[in-house]
Amino acid sequence: FLTNKSKLKKHGWVQKDGSPLPIKYYINRDGFRHDGCHKDYMAGGVMYIGDSDIFGVGNSLEDTFTYLAHHNSNLKDKPYYNFGLPSRGIETYYRTIEKWIPRIKPYALFLFLPWEESRCEIWNPFKQEYSYIHLNTERKKGKRSTEELMRYFDKEPSLTRLNKNLAAIEWICHTNNTHFLYVDSLPYDEHHSARDLLHHGPDWHNVASTELVEYINDV
């Protein structure tokens with residue numbers, strides 16, 4: 001905080017007394033973020049699923065673009081469900097959607113930017129669980145060769161990973177009478193102004209929410 005205090009102050013993350021501006025992260029029993037009022041899921045809500053920008057890392061939930069867009073759209077009277085999964089990709093989204101849509105019967109599902117060219121899952125038979133591979137993290141670790149990484153992230157496996165999971169997600173939505181929208185582009189932002197100085201800040205979220213409202217109102 002002390003090292004980055006001037007940057008944090010510039011972006012509004014330092015209070016008048018010099019202390020950090022707090023952010024409250026409310027996480028329900030299932031591991032998903034909410035606004036502090038979550039009691040249970042109600043049928044007919046709207047699911048927003050994606051990575052850390054959907055979760056809202058480094059921002060108050062009320063300042064994130066899906067929250068803002070939802071509450072300024074034609075769907076504002078329907079429950080808002082944040083299914084943000086930081087650092088995860090399309091395969092994790094599929095497994096989450098496959099589990100939760102039949103349970104909560106949402107009116108609509110919005111899926112954002114799955115980064116299929118840099119994130120994937122692999123099954124660990126010894127732990128009997130999925131683990132995820134994040135390309136940038138693996139490069140920094142230097143434990144996997146470029147050849148091994150390209151087996152997962154070359155153009156061909158990346159497109160196959162995206163297309164087969166999108167098709168499966170669309171089918172799940174279809175069979176559960178859930179409107180589905182895939183959002184594959186968001187406004188460009190060269191400034192990392194969230195409180196962690198790694199993610200988009202409130203200004204970007206506000207701009208992105210304006211664009212998203214147009215998508216939502218078409219559903």
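User: How many bridges join strand β3 to strand β5?
Analyst: Four bridges join β3 (residues 46-50) to β5 (residues 108-112), and the two strands run parallel. Strands are DSSP runs (E, at least two residues) and helices likewise (H or I, at least four), numbered from the N terminus; two strands pair if DSSP finds at least two bridges between them. V46 stands opposite A108 in β5.

User: What is the basis of the model and its numbering?
Analyst: This is a predicted model, in which local features need pLDDT of at least 70, side-chain atom pairs count only at pLDDT 80 or more, and totals for chains, interfaces and linings use all residues. Residues are numbered from 1 along each chain as its sequence is written, and side-chain values use heavy atoms, with hydrogens and water left out.

User: What is the strand order of the open sheet?
Analyst: The order of its four strands is β4-β3-β5-β8, with parallel pairing. β4 (80-84) and β8 (179-183) are the edge strands, each pairing on one side only.

User: Which strands does α4 touch?
Analyst: Helix α4 packs on the sheet and touches β3, β4 and β5 (contact means heavy atoms within 4.5 Å). The direction of α4 makes about 165° with that of β3; angles run from 0 to 180 degrees between N-to-C directions, with axes fitted to C-alpha atoms, for helices over the stretch in contact.

User: And where does α7 lie?
Analyst: Helix α7 lies across β5 and β8, running at about 155° to β8.

User: At what angle do α4 and α7 pack?
Analyst: Helix α4 (residues 90-104) and helix α7 (residues 155-175) pack at about 15°, with their axes 9 Å apart. That makes α4 roughly parallel to α7 (angles under 35 degrees).

Methods
Angles under 35 degrees count as roughly parallel, over 145 as roughly antiparallel, 65 to 115 as roughly perpendicular and the rest as oblique.
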